[in-house]
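Below is a short report on salt bridges, the sheet, the nonpolar cores and the surface of one structure.

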Amino acid sequence: MADSKLPSNASFATGQGIICAGLPRSGTLSLSTALDILGVGPVHHGMRDISTREVYAWTHAAWCSFPFLRTTRLGAAPDGRLPFYLPPYDPLLPWTRADWDRLVGRYRCTTDVGSMFSEQLIGAYPDAKVILVERPVDKWARSYGRVLLDRTYCGLGGFIKCTLAPWAGITTTAAYFDVSMGWLGACSRREAHERLPGRHREHHDMVRRLVPAERLLEFDLRDGWEPLCKFLDVPVPDVPFPHLNDEAQFLSMLYRLDIMILSRLAQKLVWALLGVGTVAFFSRRVRNSAIHVMANHEPTAEPSAPAYSPRYVDIGINLADRVYRGTYRGNQKHPDDLEAVIDRAKQVGCTKLMVTGSDWHSIQDAVDLANEYPGTVYYTAGIHPCSSGMFGAGESTAHDEGHTAPCDPDPSAPIPECAVDPEKSAAHIARLKGIVAAGARASDGGGRLVALGEFGLDYDRLHFCGKTVQLHSFAAQLEIAAAVEPPLPLFLHSRAAAADFARLLKDAFGPRLERLRRGAVVHSFTGSLEEMRELLDLGLYIGVNGCSLKTEENCAVVAQLPLDRIMLETDGPWCEVRPSHAGWKYLVEKPEPARPEPEPMEAAAAAAEAPATPGDAASGTTNSAGKKHKPQKQPNHGKKKNQKAEPEVPSRFKATKNWQEGCMVKGRNEPCTIERIAKIVAGIQGVSVEQVCEAAWRNTNKVFDLGESA
């Protein structure tokens, strides 16, 4: 069987994976351990590979693969909403080979939860070997029912793990519940128990029907190493075959999980009670302090200085993304509200918007927006590293041009590595040269193209475009930048690629970038302090957004950023500042310390000397005749009883999960949030918001022609 031996680099991404089709509770942990011993890993198993990202991905696959979830579960959900662990507004289309590559491409074998998708995996990977573990259907149904249905997904155990666990920050079991019930096609525990034997038989018949005999091993774990090693063409190891995860062990693990969930909930409850008590205490002190201040307030003769009105330029906003037109993944989910997005930006003082053109689609949309909103919207033109797959041979793996690429890396996604296609590259470069040259000439006469970019290197997201093609794309666009007349500033992107990024810049413009005539900004900076200092030494500017403020290390870098080199941006619809970010704490408004209350004797003396007013009667004080008036009930002005305290971080605009007219959409970042970036930077550097805003305004207008003086 030498011809069936898997090469050392075999994986699902190369089409040479191993699908272990034996269902959960069929010795999947024993088999995955055996495969590890044989050296045919990495092996995916639902109990070992339980990162939240992967669990959510398997659940997404279930909703796209099992019609029961889309018809019965989704139809019964309120408003037809998807569960929280699915991408919002997802169309739930059947998965393609590319989708499966992103989930299992880096693995060589799938077991356990992957067995429920055997039909889909066999269709996506027709050359994969398949191992079908045999276990008597009655024994399997009893084990699956007792351990997974009764103790994990349903009953008291299910209530703890699926209902209470998300409140304790553990969401994986609730997500896997959908996988199990979707595969079974059952709505209740009783129905699931009834369907177990039939689904087991259907599953085994399906595998035998779809897989040719030469690629299928029907395996009994009691047979040990010999049939497995013969099928995989590997030597028999000199160790006993592993037999792991008997029912007692698994139930013990579930019991420990229950205890952990309940312990976390108890801790959260204690902290919540302490928080409520603290808020109530300080609210009372602040209220009393305010009353005291108002009673003793004396008007000042000096007029107060006018409040500062911030002015912002959002140097990186992807307004060409279709989400600002209400379209998500090709589906129109709400009306086009771009006008409202721009209006909210202007309300906070963000009157200049640089719309990023990063591929042919977004460049054209950015041009159209600049023409539609003259004096407010300007645009850049370039090919983003995540869009640079267009320069490579074969099918492009670039992201969908209708939407900008998500900011976060995807470690599970396979990394394509292809050569540069000279003919395709020459055509794309010629097209970009024409766009940039025409835009530069128009801008010199008052047009709206303000920079070449976004372009650069991104080694965090190589799954969109390999390193070889990215380096070619960056170097080719730098050649355009060096030759275009009149010269344009550069709008640059560098992520996890500092050395190559600086090297190519120096190759194009000299060791000190002395031939870079109009300056450049490295936007959405997330690098180290040393990397920032190198860029500053080269005379470059640094763009700061929510991604620049995620960690304490990021904030420490921003603390060292000179204000004469800073620019501000949102990079919407991504890169919003979240409560989990280290920079969030600088948005929390701390209450001013309450002034001490007057001593009882002083308060009584002051009350005796003060003349009676109508307010005294309303507050229950005693008048000159010695009669005490009953306090009158005051109107609550629409406030609800037991109304919750204001959030820690006030927002100028309401954000809702589902679109409402006049509101922001949760999860869709907007340019109006740029005021948060300025406030965080000011807090980190210990300066005023005005200093940050004015510095960024000067820097931006110094580099880019936005019709304003620096």
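## Salt bridges

The count comes to 25 salt bridges, each a side-chain nitrogen of Lys or Arg within 4 Å of a carboxyl oxygen of Asp or Glu. This is a predicted model: local features need pLDDT of at least 70, side-chain atom pairs count only at pLDDT 80 or more, and totals for chains, interfaces and linings use all residues. Residues are numbered from 1 along each chain as its sequence is written, and side-chain values use heavy atoms, with hydrogens and water left out.

Aspartate 336 and arginine 325 meet at 2.7 Å, N to O. The pair links distant parts of the chain, 11 residues apart. Aspartate 336 is partly exposed at 43% relative accessible area. Here buried means under 20%, exposed over 50%, and partly exposed in between (1.4 Å probe, protein chains only).

Glutamate 708 and lysine 352 form a salt bridge at 3.7 Å, N to O. Glutamate 708 follows helix H22 (689–703) and lysine 352 sits in strand E9 (residues 350–355), so the bridge ties together parts 356 residues apart in sequence. Helices (H or I, at least four residues) and strands (E, at least two) are DSSP runs, numbered from the N terminus. Lysine 352 is buried at 6%, whereas glutamate 708 is partly exposed at 35%. Glu134, Asp205, Arg208 and Glu218 are linked in a salt-bridge network.

## The parallel sheet

An open sheet holds 5 strands in the order E2-E3-E1-E4-E5, with parallel pairing. Strands E2 (43–44) and E5 (216–219) are at the edges; each has a single partner strand, so one side of each has no neighbour in the sheet. Two strands pair if DSSP finds at least two bridges between them. E1 (residues 18–20) and E4 (residues 129–133) pair over 3 bridges. Isoleucine 19 stands opposite valine 130 in E4.

## Nonpolar cores

The largest nonpolar core has 93 residues, and Leu319 and Leu490 have the most contacts inside it. Such a core is a set of buried Ala, Val, Leu, Ile, Met, Phe, Trp, Tyr and Cys residues joined through side-chain atoms within 4.5 Å. Helix H21 (residues 674–685) gives the most to this core, with 7 residues. Apart from it lies another core, of 52 residues, including Ile19 and Val104.

Beyond its neighbours within four places in sequence, leucine 490 is in contact (heavy atoms within 4.5 Å) with residues including Leu452, Phe455 and Phe509.

## An exposed glycine

Glycine 123 lies in helix H5 (residues 118–124). At 58% relative accessibility, glycine 123 is exposed.
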